[in-house]
Amino acid sequence: MKLWRHLLFALNSAWQSFWRSAAVSLAATATVTLILTMAGINLLVGHTLAGVLDQYRARVSVISISVADDTPLTTVTDFEDQLRSDPRVVGVSYLSKDEALARFQADPVNADIARQIEGNPLAAKLEVRVGKLADVAAIDALARQWRGADRNDPTDYQGEFIARMLRLSAWLNLAGVVILFVLLLISIFIVMNTIRTAVYHRRHEIEVMKLVGATEWFVRGPFVLEGILTGVLAGGLALGGLLLAYRPFVDRFHSDLFFVPLGYDPAFVGELARDVLVAGALLGALGSYIGVRRFVRV
Amino acid sequence: MVLTADFSQRPLISLQHVWKRYANGTEALRDVELTVPEGDFLFLVGASGAGKSTLIRLLVREEKPTKGKIFVDGQELGRMKRRHLPSYRRKVGLVFQDFKLLPRLTAFENVAFALRVLGEAGRVVQARSKDALEVVGLSNKHDTYPREMSGGEQQRVAIARALVHSPRLIVADEPTGNLDPATGWEIMQLFLQINQRGSTVLMATHNRDIVDVLRRRVVAIDGGQVVRDDRAGGYHEALAASALRA
Ligand SMILES: Nc1ncnc2c1ncn2[C@@H]1O[C@H](COP(=O)(O)OP(=O)(O)O)[C@@H](O)[C@H]1O
Ligand SMILES: [Mg+2]
């Protein structure tokens, strides 16, 4: 009962305090909205890039071993069995010369060349799906040692490319995290300063509360709630903007950057909503908590 | 002459060799000894800057003594933990020269505020605020805002607010300082009445007429030292004593 009355009191004074210094509160809300929007864009871009990277990853985790034309089928099957029993390998499939040709011809990109082909210049292939990207190099080395492999062009493995992709994705992740961190720090600082203003506006009330024996957290509570209110409001506004812009943005760039598999992911919207709102509430709480610890002492 | 406390009663307030030096080096209180039994009515007199407000700030633990000990109701204030301050302050009613009312709240709401911040139930808040306003004679001003009231009325609201938790001790820092003599006299009557109902009253004041007429205990301080403690003194005698010292 008492707790409930305290909560009502705090909510009521937080709401009044927010509007008492409306200019400051709204300016802070607008700034934090902007920052959360940037953070949201960061998340969206990060998610989209992760999607693109995943597709690349899926592609590069498969290496294709060209089988020399003179390799007997039993040698191929033996090697296939050896690969299958390797714990790093997820799957192996064999593609005969005919199948390789059929697949080559089926791809419209190759239509012109396919018409000029005489006989079957394509090698039979062993397509090996490796579980972890980091193990692809080892499997490639194994394949190159195999005597049944085509001597000129044993595999399609591009070691440097994979390594670069991995480094790039690690850097992008790190940059994303750093940017997010800086943005959140700035928001916390902004909320802290709004609370300083709110405390200044309410200094008489705070003094009276102290002298009639209000507890420290009773005095501080409304300010913390005001901070959370600011954060959640900013989070909601930022989220609204992001959701409105996400789809059109992806569509627009999808046609411009057709070679990048950019995609709209409706499943991510829920995750984004949760992240942005929780971030708003947390940074509001943290900023006002720090502000109140600094500026409200009983 | 320093009158020692009546030892049949446990003193409500006891200051033992209290010194207070502010951060800027001002020595506001020097070796103050003071004992106030429960039920006392005590005037604290002295020139501006003598240290009266400092003593009051120490009593409500807004400041801590630099040296010495202060006991109120058996608790040593210097050792009191911060989290115990609120419950301590509820035992003390505070009244100031500038009233310290909240301008956006009505008389009733100002009084009720003191109970609301403690999370009291609405029923209790209503009943006790109403009673407190009745004690100070403002039953007809519940819905009036501070700016619509005279200084005397505002001070009555402040007193009602100080009374609303039924504190054992009322501490007032120049409560008549902003009021004309007639109004000041009315307010003083109110404090006497509160004292008769059992609360101990400690009041800093400049109002020599009142001190002279009421013949209550007078403690004079000068330059941070107690220079006189008179069971039934007057302002002039007290200041004369301080003049003698100077
Ligand atoms: N917060 C403070 N910091 C420094 N000096 C102070 C402070 N408050 C009061 N003083 C000084 O302490 C002395 C006593 O002040 P005060 O207790 O306010 O006297 P009074 O209430 O009797 O006029 C004065 O010299 C005053 O200037
Ligand atoms: Mg003073």
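This is a predicted model: local features need pLDDT of at least 70, side-chain atom pairs count only at pLDDT 80 or more; totals for chains, interfaces and linings use all residues.
Residues are numbered from 1 along each chain as its sequence is written, and chains are lettered from A in the order in which they are written, while side-chain values use heavy atoms, with hydrogens and water left out.

In chain A, the assignment, which is automatic or taken from a database, gives domain 1 (2-57 + 164-295) and domain 2 (62-131). Taken over C-alpha atoms, the centres of domain 1 and domain 2 of chain A are 52 Å apart.

In chain B, strand β3 covers residues 41-45, and because five of its five residues are buried, the strand is largely enclosed by the rest of the structure; buried here means under 20% relative accessible area with a 1.4 Å probe, counting protein chains only, and a strand is a DSSP run (E) of at least two residues. In a regular strand the side chains alternate between the two faces of the sheet. Phe41(B), Phe43(B) and Val45(B) point one way from β3(B), whereas Leu42(B) and Leu44(B) point the other way. Four bridges join β3(B) to the parallel strand β8 (residues 200-204) of chain B, where strands pair if DSSP finds at least two bridges between them.

The contact, meaning heavy atoms within 4.5 Å, takes 20 residues from chain B and 21 residues from chain A.

Key:
Buried means under 20% relative accessible area, exposed over 50%, partly exposed in between (1.4 Å probe, protein chains only).
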